[in-house]
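Have the viewer open as you read.

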Amino acid sequence: MELSTVVLVVGVVVAYWVWFKALAARLSGPKVWPIVGSLPGLLQNRARMHDWISNNLRAAGGTYQTCTCAIPFLARKQGLVTVTCNSKNLEHILKIRFDNYPKGPQWQAAFHDLLGDGIFNSDGETWLVQRKTAALEFTTRTLRNAMARWVSRSIRNRLWPILTEAHKLHEPVDLQDLLLRLTFDNICGLAFGKDPETLSLGLPLNPFANAFDNATEATLQRFIYPEVLWKLNKMFGLGMEIDLKKSVALVEKYLSEIIAQRKKELFGKSQGLKEGDQQQQPHDDLLSRFIRKKDGDGKAFSDSFLRNVALNFILAGRDTSSVALSWFFWLIMQNPRVEDCVIAEISEVLTKSRGNDTSKWIEEPLVFEEVDQLVYLKAALSETLRLYPSVPQDSKYVLKDDTLPDGTFVPGGSAITYSIYSVARLESLWGPDCYEFKPERWLQNGKFEPPQDSYKFVAFNGGPRICLGKDLAYLQMKSIVSGILLRHRISLVPGHQVQQKMSLTLFMKHGLKVYVEPRNLST
């Protein structure tokens with residue numbers, strides 16, 4: 001090797017090393033390495049990702065910056081990630097400077113095949129039109145009544161028989177799986193008025209449910225690999241991209257058939273329907289409501305738009321509630337005092353509405369008016385979501401240079417992640433007992449009182465994108481909890497390990513295996 005070449009190589013290495021040391025000195029997060037940045041730490045701690053991020057945030061005072069690739073010209077923007085759990089920063093990102101922090105091109109590209117330009121995968125005007133249309137529907141009492149009806153039927157006809165059978169056979173059940181099936185059936189009923197019946201005796205496989213699960217899992221895989229890699233796999237039909245394409249095709253076919261049938265039921269004179277027949281076939285699901293709506297130009301929404309509406313709401317409404325319920329039941333098994341308080345409250349409500357005969361309490365699931373009075377249960381569910389948020393973290397794209405309220409500069413073109421999981425673990429926000437499962441922190445004089453700083457609790461998001469289905473989620477969760485706990489005591493299978501699964505939603509990696517015993521309410 002010529003001397004000039006050696007000098008050049010040494011010069012490049014020295015220049016890079018000087019640049020890298022300056023970069024590392026500016027970053028306040030976990031250790032960064034040459035070229036690969038913070039990726040070694042991420043990989044090493046992937047089994048405990050959220051706790052690792054939480055520890056880093058506490059050490060850094062609530063916000064840190066790192067880079068996923070320590071390469072000149074990339075580290076300042078594309079490779080830079082700002083991570084925060086500062087509530088003022090969250091308010092800034094989600095509300096005050098909302099327009100500067102969209103989902104961004106990387107997120108939209110990864111989810112486009114499955115969700116298209118649906119409400120949870122769009123920004124700007126596309127998002128706004130859908131948001132306004134959906135917001136009008138979510139304020140209607142009929143949608144709430146529809147949710148109550150779907151949940152009640154699922155509990156009575158599906159969940160109760162399965163739990164009773166498990167007790168008779170003295171066999172454990174995976175409660176997380178049952179809850180996932182139950183919420184999937186409910187959200188499908190609410191979204192497009194058809195029950196896939198995944199929660200039935202024998203727990204049958206359902207082609208639509210399986211395809212939806214496979215498509216979701218394959219989409220999540222895109223976040224593990226560099227964007228260029230999964231795009232190459234898609235181009236050449238390799239790896240998980242094959243499954244994704246097949247699964248999305250099956251999901252779209254299933255929903256297209258439902259949309260066509262629903263249009264016939266609502267407007268189809270080809271079946272000999274008369275004008276008054278519409279009232280004889282009421283449809284209060286979201287799909288039917290969107291079919292009846294018109295877009296900004298006065299035209300009917302396209303079938304592709306309607307498919308995206310249904311899929312987006314299924315994704316948002318299924319995993320989030322089932323995951324929250326799984327952690328709730330795990331927490332009350334560790335905290336029997338809370339379970340006793342929940343049972344006492346339900347008993348008090350039912351004594352007023354159904355009398356002292358406890359046998360009448362378990363004849364039917366609670367109705368909406370009864371569920372609405374369960375204040376302590378709502379506090380316990382909120383406390384669950386504080387400690388184990390269904391979506392533990394979210395990411396945004398920084399459109400233009402900005403400075404966060406805590407003084408952190410974020411350049412346009414970079415990414416910002418806010419850790420919802422970590423917010424609950426800051427003593428400065430929740431006090432020295434922040435790690436405790438304490439529903440009472442949500443109650444004031446017997447009434448449910450959310451924190452004054454609403455960005456201390458963003459399990460349902462915040463700002464313009466706050467969850468439209470928040471009240472429906474509480475309704476569903478309270479109905480399911482009361483339906484299970486009134487009839488049954490549950491206990492963790494000895495030796496079963498409850499661990500977090502690293503995905504967009506905070507699943508339990510090995511499920512929630514429990515034994516079911518009957519509850520004697522008369523004692």
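Axes here are lines fitted to C-alpha atoms over the stretch in contact, and the angles between N-to-C directions run from 0 to 180 degrees. Please keep in mind that this is a predicted model.

- Helix α14 covers residues 303-334, which is 32 residues.
- From first C-alpha to last, α14 reaches 48 Å, close to the 46 Å expected at 1.5 Å a residue.
- Of the 32 residues of α14, 26 are buried, so this helix is largely enclosed by the rest of the structure.
- The axis of helix α5 (residues 105-115) comes within 10 Å of that of α14, and the two cross at roughly 115°.
- Angles of 65 to 115 degrees count as roughly perpendicular, so that is how α5 lies to α14.
- On the α5 side, Phe-111, Leu-114 and Leu-115 make the contact, meeting Asn-308, Leu-311, Asn-312 and Leu-315 of α14.
- By class, the contact of α5 with α14 holds five nonpolar residues, two polar and no charged.

**Helices α7 and α20**
- Helix α7 (residues 141-169) and helix α20 (residues 470-485) have axes that come within 10 Å and cross at roughly 25°.
- The pair is therefore roughly parallel, and the crossing of α7 and α20 is right-handed.
- Residues of α7 in the contact include Leu-143, Arg-144, Met-147 and Trp-160, while those of α20 include Leu-472, Gln-476, Ser-479 and Gly-483.
- The contact of α7 with α20 has 12 nonpolar, three polar and one charged residues.

Definitions and conventions: Residues are numbered from 1 along each chain as its sequence is written. This is a predicted model: local features need pLDDT of at least 70, side-chain atom pairs count only at pLDDT 80 or more; totals for chains, interfaces and linings use all residues. Side-chain values use heavy atoms; hydrogens and water are left out. Helices (H or I, at least four residues) and strands (E, at least two) are DSSP runs, numbered from the N terminus. Angles under 35 degrees count as roughly parallel, over 145 as roughly antiparallel, 65 to 115 as roughly perpendicular and the rest as oblique. A crossing is left-handed if the near helix is turned anticlockwise from the far one by less than a right angle, and right-handed if clockwise. Contact means heavy atoms within 4.5 Å. Ala, Val, Leu, Ile, Met, Phe, Trp, Tyr, Cys and Pro count as nonpolar, Asp, Glu, Lys and Arg as charged, and the others, Gly among them, as polar. The expected span of a helix is 1.5 Å times one less than its number of residues. Buried means under 20% relative accessible area, exposed over 50%, partly exposed in between (1.4 Å probe, protein chains only).
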